[in-house]
Amino acid sequence: MIRVVLPAHLKTLAHVHGEVRLEVTGPEHGPVTQRGVLDALEARYPMLLGTIRDRHSGKRRAFVRFYACEQDLSNSSPDTPLPERVVAGEEPFIILGAMAGG
């Protein structure tokens with residue numbers, strides 16, 4: 001079970017409170033990746049399609065960041081396996097809306 005923390009505006013859009021818990025394809029199907037988590041999130045909450053990543057290219061939106069285990073995973077490949085603590089449900093996969101300006 002993967003724990004996902006969404007920013008407040010995406011929680012409102014998805015009509016959820018607190019963390020989202022997702023079943024993501026396990027080790028028998030390959031490692032759990034950012035792409036797998038986002039695919040599962042968008043499948044469960046289709047209203048989030050296009051809000052976290054571009055619908056056509058699949059690339060992360062410019063002002064969206066991904067964190068896990070105190071690491072910024074935003075620029076990692078979407079197919080890089082997530083840290084084991086995230087896969088085990090011990091740590092959440094965090095999606096944050098970044099701020100711009102000064």
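I began with the charges: the mean positions of the 12 positive and 12 negative charges of the chain are 7 Å apart. I counted Lys and Arg as positive and Asp and Glu as negative, leaving out His and the chain ends. Each charge was placed at NZ of Lys, CZ of Arg, CG of Asp or CD of Glu.

The model is predicted: local features need pLDDT of at least 70, side-chain atom pairs count only at pLDDT 80 or more, and totals for chains, interfaces and linings use all residues. Residues are numbered from 1 along each chain as its sequence is written, and side-chain values use heavy atoms, without hydrogens and water.

**Fold**

I looked up the secondary structure next. The chain has 3 helices and 5 strands (DSSP runs, H or I of at least four residues for helices, E of at least two for strands, numbered from the N terminus). Along the sequence I read the pattern β-α-β-α-β-β-α-β. The radius of gyration is 13 Å, close to the 13 Å from the globule rule for 102 residues, so the chain is as compact as a globular protein of that length. That radius is taken over C-alpha atoms, and the rule is 2.2 Å times the number of residues to the power 0.38.

I then checked burial: 37% of the 102 residues count as buried (under 20% relative accessible area; exposed is over 50%, partly exposed in between, with a 1.4 Å probe and protein chains only). Residues 24 or more positions apart account for 52% of them.

**Helix H2**

Helix H2 covers residues 34-44. Its buried residues are Gln-34, Val-37, Leu-38, Ala-40, Leu-41 and Glu-42. They pack against strands S1 (2-5), S2 (20-22), S3 (64-68) and S5 (93-97).

Gln-34 lies in H2. I found it buried, at 4% relative accessibility. Beyond its neighbours within four places in sequence, Gln-34 contacts Phe-66, Leu-73, Ser-76, Ser-77, Pro-78, Thr-80, Leu-82 and Phe-93.

**Thr-33**

Thr-33 sits in the loop between S2 and H2. Its relative accessibility is 10%, so Thr-33 counts as buried. A polar atom of the Thr-33 side chain lies 3.1 Å from the backbone nitrogen of Gly-36. Not counting residues up to four places away in sequence, Thr-33 touches Pro-78, Asp-79, Thr-80, Pro-81 and Leu-82.

Technical notes:
Contact = heavy atoms within 4.5 Å. Polar contact = N/O pair within 3.5 Å; in protein donor to acceptor, adjacent residues only side chain to side chain.
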